[in-house]
Amino acid sequence: MRRVVLGSASESRLAVLRAAGVEPEVVVSGVDEDAVEAGSVRELVEALAVGKARAVAERVAGEALVIGCDSLLEFEGRGLGKPESAEQAVEWWERRRGRSGTLHTGHCVIDTGSGRQVSAVGETSVRFGNPTDAEVRAYAASGEPLWAAGGFTIDGKGGWFMDGIEGDAGNVLGLSLPVLRKLLGELGISPNELWAR
């Protein structure tokens with residue numbers, strides 16, 4: 001079994017990996033996300049994922065596969081991360097009722113043993129429902145939107161207010177197993193090499 005380090009504090013990403021048989025170490029990158037710029041939302045999430053993976057890889061002793069990820073919702077041409085307040089979460093939900101956006105998740109894997117690095121972006125289309133004003137306020141007050149890219153989840157309370165997705169659900173949770181499998185393949189690694197025994 002290969003050693004895996006997840007460079008993220010995201011409980012959702014950790015849960016995706018654990019459900020897939022991987023028990024990673026968790027090391028938070030500490031990367032200043034506001035200091036990173038790119039020409040598009042897609043380019044930004046990839047740059048952030050690479051930056052996080054590199055920051056963690058520099059601090060990890062010994063050989064490991066370091067996974068860095070970052071997610072943003074592209075809506076009305078803007079990349080939305082986590083809302084800064086419940087009020088902002090309410091504002092975002094009011095604007096996107098009945099509309100769609102694209103959840104972009106950047107993935108980067110660094111093999112510290114070989115020094116090789118690979119990265120890619122997963123994209124999933126999300127369709128928002130039409131919650132009432134009271135439902136939007138209650139959801140924002142729950143605190144859940146404040147820790148999720150775009151201010152919503154599909155696997156928690158936010159799932160009540162989504163009409164559907166097109167693409168990989170794991171990508172919306174913050175880590176796409178199909179994207180990760182592709183990246184591991186580029187490094188000559190099979191997913192079963194990561195499974196906890």
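In which sense do strand 6 and strand 7 pair, and over how many bridges? Strand 6 and strand 7 (residues 162–166) are antiparallel and share four bridges. Pairing requires at least two DSSP bridges between two strands. Helices (H or I, at least four residues) and strands (E, at least two) are DSSP runs, numbered from the N terminus.

This is a predicted model, where local features need pLDDT of at least 70, side-chain atom pairs count only at pLDDT 80 or more, and totals for chains, interfaces and linings use all residues. Residues are numbered from 1 along each chain as its sequence is written, and side-chain values use heavy atoms, without hydrogens and water.

**Strands 5 to 7.** Select Arg 127: its bridge partner in strand 7 is Gly 164. Find His 104, opposite Glu 123 in strand 6. Then go to the turn: four residues separate strand 5 and strand 6 in this hairpin, and Gly 115 has a positive phi of about 80°.

**Arg 13.** Select Arg 13 in helix 1 (residues 11–19). Arg 13 is buried (under 20% relative accessible area, 1.4 Å probe, protein chains only). Arg 13 has no salt bridge (a side-chain nitrogen of Lys or Arg within 4 Å of a carboxyl oxygen of Asp or Glu). The nearest side chain of opposite charge, Asp 70, is 5.5 Å away.

**Glu 76.** Finish in the loop between strand 3 (65–75) and strand 4 (78–80), where Glu 76 lies. Its phi is positive, near 55°. Most residues other than glycine have a negative phi.

Methods
Buried means under 20% relative accessible area, exposed over 50%, partly exposed in between (1.4 Å probe, protein chains only). Lys and Arg count as positive and Asp and Glu as negative; His and the chain ends are not counted.
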